[in-house]
Amino acid sequence: MAFITANWNPLGEAFYRKTELYEMCWNLRDGLRDCLVAAAPYGGPIALLREPHRRSPSSRPQLEIYSASGNSLASFPWKSGPVVQLGWTVNDELLCIQEDGTVLIYDLFGSFKRHFSMGQEVVQSQVLEAKVFHSPYGTGVAIVTGSSRFTLATNIDDLKLRRLPEVPGLQGAPSCWAVLTQDRQTKVLLANGADLFILDNTSCTAVSPPGLSPQVSSIVHMSVSFSYKYLALFTDTGHLWTGSAHLQVSQSALCLSSMWGCRRPKSQQPSVVLMWDRLLLVAGVCNDIIQYPHRPCVCVGELDGVRVVSSSRQELLQEVPLVCQEIFKIASMAPGALLLEAHREYEKCSQKADEYLREIKEQSMLGEAVRQCVEAAGHEYDIQTQKTLLRAASFGKCFLTDFSPDSFVATCRELRVLNAVREAGVGLPLTHSQFKQMTVQVLIDRLVYRQFYPLAIEICRYLKTPDYQGVSRVLKHWASCKVQQKDLSDEAIARAVCLKVGDSAGVSYSHIAAKAYECGRTELAIKLLDYEARSGEQVPLLLKMKRSQLALSKAVESGDTDLVYTVVTYLKNEMNRGDFFMTLRNQPVALSLYRQFCKLQEQDTLKDLYNQDDDHQELANYYVTASYREKRLESRLSVLQSAVDEYNKAKNEFAAKATEDEMRLLRFQRKLDDEKGAGLLGLSLQATMEALLALGLHKQAEQLYRDFRVPDKRYWWLKLKSLAEKEEWEELEKFSKSKKSPIGYLPFVEVCMKRHNKHEAKKYVSKVPPEQKVKAHLAVGDGAVLARCSASDRLLIDKLNRARATATKK
Amino acid sequence: MSERDSPELPDFSVLKRLARDQLIYLLEQLPGKKDLFIEADLMSPLDRIANVSTLKQHEVDKLYKVEYKPVVSTSDQLCFLIRPRIQTVKWVCDVVNADKAAGKFKRYKIIFTPQKFYACETVLEEQGIFGDVSTDEWAFYLLPLDEDIINLELPEFFRDNFLEGDQRWVRTGGSALHLFHSIYGPFSKVYGIGRCSKMVYESWREQVKEGEQKARQAEVGTVFLIDRDVDFVTPLCSQVVYEGLVDDIFRIKCGCVEFGPDVTSSDKSIKVMLNSQDKVFNEIRNEHFSNVFGFLSQKARNLQTAYDKRRGMDIKQMKTFVSEELKGLKQEHRLLSLHIGASESMMKKKTKQDFQELLKTEHSLLEGFEIRECISFIEEHINRQVSMIESLRLLCLLSLTENGESNQFSNNLNSAWPCQSYGVDHLLTFANLKQLGLLVEQQPGETLTVMESKMGKLVNDKTAGKLTDAFSSLAKKSNFRALSRRLSLVPKSDEEYDLRVPRDMAYIFSGAYIPLSCKLIEQVLERDGWTGLEEVTRLLNGHEFAVTGSNGADLRPQSDAQRIILVMFLGGCTFSEISALRFLGRERGYKFIVLTTAITNSARLIEAMLDNHV
């Protein structure tokens, strides 16, 4: 397998290889010279700003954005201020840091998203240098100003500017500097001449790395590893110092004769890539170096290597993963290597295959062999090599009984995905370890940012990502993007969106509609909202779009009264009262909710509401209620008068009459209270009469009875009971004779008996009409009389006795 | 009786445990000693969930009842456990503001149960204390009162929803159903009738959709939702089944009744829990009152024999008797004497008020006989000022059963109606009763046509909300007579009805009337839907629905889960209805679980319509 190791170079114990990723599709006339270049890690896009210092309005610098494979994504002339630095965020957004401290954010396709400023004082002092860095908190920006002050923002999505303390003795820009993220803190490491300082939020500490040669007069370059673990310093004396980023352990001090640039240290066994004009140099701990002659290029630090981008091609420079070394190293006897050999012989139909297999099996290393082949396949970039390794693994697996196929299957799937996204058309040159680190979710996001929706969906389905995280999310992004297409009609977009999205779980139409509204397409937003199944979701956006009527009816439809309240409260503050009431009037559910609220909170509003509706009945009822709150009689009467007026308007004569009577009664009670101190005010008519009778004020009771045309029967009952209660039997007798009783005389008998006055009761028995006589006698308990009853009465008695019997039962 | 083996009821104690754990969790959100203020009508439900010692264990220092008065607590942490009522929230605001004015700094927490409403938060905001108070929700929806009764304890549901058209409780209903579903579901059949039922159903569906679903063995497979306004007649009738009668007279509160001195024949009142744990009560609760005495005396005799056993025992036997049986007997003895006392007391009250006459009138009204006599009885009832609630109840019953056919009489009554006698504020009560359709006043010919045209216009309009409005302006027609004929709710009266061996659900009203609500349930279960009942649903103003086969549910009709039926009454149900359903269950081999917003009866129903002015 000589050809696989052909591009391997030894460095100490390890090997390094440089694999070609792409022939760049771009066509750069002037190469990468005079360009501000920014390329994002994880196979991210590349941004170029040509001749950033050209300031004349006639020829503006050109900003170009390419995918990692060199496909042009956007290109436009730069019209804003001079740019100091370009950088990419974790969300594939381009940051352009201008001299005046303004940071402009563009998306992958060059459309402006937003901007922010690095502080007011920067406008005067200007940004000298800037760096974009990534930390667990997101993407950050650090600048150093003309007044030699550093300002940091750890997360641009949650912008908090921190001005770091002054550095003693620093004039202008430091000779070199880097941003470190350590112990959950972001710090700046800078060199001023030979002095090293660490700047954190509160202090500036001078540090000296152990073992750095004393002759050094200036540190000219420094670089921090991808993981912020290692640091490399390059001095004017041509010494390279590498060590841990804590500056505690020195790893080596290397002497190099000439210098030009220093870039990016990298993984596993720390090593540094240094770049000169025509030379690329890898320096390791063991004082060993590899030299590559090279054309001018840009290095992009990755998790497990460095991408080297030149004007014609892109290569990945990385340490050969251990497992690949073991398999492919010349004369390797590792189980993986043997298995690969066995498989090769097997394909040649040679019996040597068996020998190799036997050899592995004797060491009982077959499982390990398969594992190595699977793992190595993951690390290989060449599809043919991947296949060879996987076939070998599959072959080896046949001889194992209890080998879990999971890792094999997973690797196959992942490689398929990786190969798909590595395609030049897509241009995401991810290694397997990068893919593992970034996770499928992020990969999907990246594809979505690049608008590779179909591929993203395919990958989701292929990897069986749950809909909620996978397909639905892609569809959501797709729809949000779709609504921004200005050349399509609202109708067409709405239809297209609905067709694709359907009712996929987890895609919220209100979210898409909100996007449409953001782009100023209100009509489209409303159309999209119609597809939203949960009316509750529609409401907030409708309110935002000032479609309050629609919002209200949707809120009512949702059946969520809290939502209705929200809208009602909103409308109350937004609209004038008249319109507000009119709106409510068309929504009875909302109206009754609001009424309920008003009943307890805003009585006056309630009145206005009824007024507006010309609801005289309710208005009158309202006045009646209100009258009970009035303490003074006069005001109470006047409120009741309003009630009467309203009842009249509502053509409710009965109620009007009743209210008028009440007013009359109140006045009467007041008079009597004043005269006799009877304490009647507020009693009902019946209660008043009762009280009067109890007080012996028969005349006044009589007057009420006549004035208010109390039904005879009721008055008789009342008086009867009242007299019996006081046991005024004479008075009762007189009363019974005053005229013919409208309630008959049976009640007289009954009330007497209730007071156990048989004697009085008997007086009235004779007056009881024949059909009730039996009852009367029964009540008195006069058996003798019963015996003399007629035959027809007897029947009645029987019936009664039966009734009684059941009564006792019940 | 064709008795099939009845399926076992699910265990509802888990609901209590769930509620208790959640409450404890909420209390622990406010660490340290705190005073707890409890809304008055939450006291008894809370008592069923967590007793005082449990609360004390979780650092509740003192317990207070919410009384709308200034607070005298010295604790620096106050916790309020309240219903989401604006009035109560306002009181809390007053408390907080008073403390603020006095320069006291305290921590406040409001726990709303079963949920909080936006309006309550608005009040907090308006009063400027939104930031001073933390709020939480205690999702205590379901209180198991008995092995087959679950109560939401929301009496205001009825008035708010049916009278005021305020639908905020609909979601609460949906959540309650959802909670039940998530523990005992999945339901495979859902039937329902009424507008509110439909909305509750939809709210529940939505919540099911939002949440995750787990395939489970269903314990309850069938649900029937019914609005109270489908059947107003039943709750307005006097109850004559023992449990109902106890409720009518002594008022059962949260499964617990307080018997006064006249029952206990001592000078103390005793609180008694009335549920299936009480062996004596369990036997008589569903019986017609006329049978209860017989039962009780039989029981007394049995008890006597059991006591008598100890005669002629040797010491050893006596020892086992004392240790094993005596306690149970004593307990039974105590309960028996209580129930006998209660029965006697009820007897006394009922004969005093001419209960027999009253029942006769009610039955005539239900049967539609001798209306003229009934009217004069009611008139006399009013004239004698027996009881306002009773009078209103009879008036409503008359109006509902006669459905305006005898309008000349009701008009007569109307003029006789004494706003005078009970006070002018009952004008409002009247307006409420009319709005609810309990009391129908004849409209002059002209206005009626105006109403009809208005109605016609609104029917075209699909918005359901507009219909409510129409209903509130146009008194609802009750159609009781037609329904009664169609469903044969009134058994033929010429046969003697043996209340000892009831043959149908009519026994709960002395054989005079089968409750409409229960009859509907019976019919729908029998027909497996509403087919064949089109005319009935038309008379009931529609809004019926039947949904079968939700995902993963067991559809075999013979399975136990299918024969356990959850009946959800929106707006309350009476003990009589529960008794009727128990009877139906025994007859058909079903088990009914009643889930209701509140236990109601005629008095509570009418009282809900009063406008009280504080």
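**Reading contacts and rings**

A: Leaving aside neighbours within four places in sequence, Y764(A) is in contact with W729(A), L732(A), E733(A), S736(A), Y745(A), F748(A), V749(A) and C752(A), where contact means heavy atoms within 4.5 Å. This is a predicted model, in which local features need pLDDT of at least 70 and side-chain atom pairs count only at pLDDT 80 or more, while totals for chains, interfaces and linings use all residues. Residues are numbered from 1 along each chain as its sequence is written, chains are lettered from A and ligands numbered from 1 in the order in which they are written, and side-chain values use heavy atoms, with hydrogens and water left out.

Q: Where is Y764(A) found, and is Y764(A) buried or exposed?

A: Buried means under 20% relative accessible area, exposed over 50%, and partly exposed in between (1.4 Å probe, protein chains only). Y764(A) is buried, with a relative accessible area of 2%, and belongs to helix α29 (residues 758-765) of chain A; helices are DSSP runs of H or I with at least four residues, strands are runs of E with at least two, and both are numbered from the N terminus. The C-alpha atoms of Y764(A) and E733(A) are separated by 8.9 Å, although the two residues are 31 apart along the chain.

Q: How many aromatic pairs does a search of the whole structure find?

A: Rings of Phe, Tyr and Trp (its six-membered ring) pair if their centres lie within 6.5 Å, and planes under 30 degrees apart count as stacked, over 60 as edge-to-face and the rest as tilted. The search finds 36 aromatic pairs over all chains. One of them joins Y68(B) and W91(B) edge-to-face, at 6.2 Å centre to centre with 75° between the planes. Because Y68(B) lies in the loop between β2 (60-65) and β3 (77-82) of chain B and W91(B) in helix α4 (residues 86-101) of chain B, the pair ties together parts that are 23 residues apart in sequence. Y68(B) is partly exposed, with a relative accessible area of 36%, whereas W91(B) is buried, at 6%.

Q: Which residues do ring pairs link into a cluster?

A: Ring pairs link F12(B), F180(B), Y184(B), F187(B), Y201(B), W204(B) and F545(B) into a cluster.

Q: What sits over the ring of W177(A)?

A: A charge sits over a ring if NZ of Lys or CZ of Arg is within 6 Å of the ring centre and within 35 degrees of the ring normal. The charged end of K131(A) takes this place over W177(A), 4.9 Å from the ring centre, and K397(A) lies over the face of F408(A), at 5.0 Å from the ring centre.
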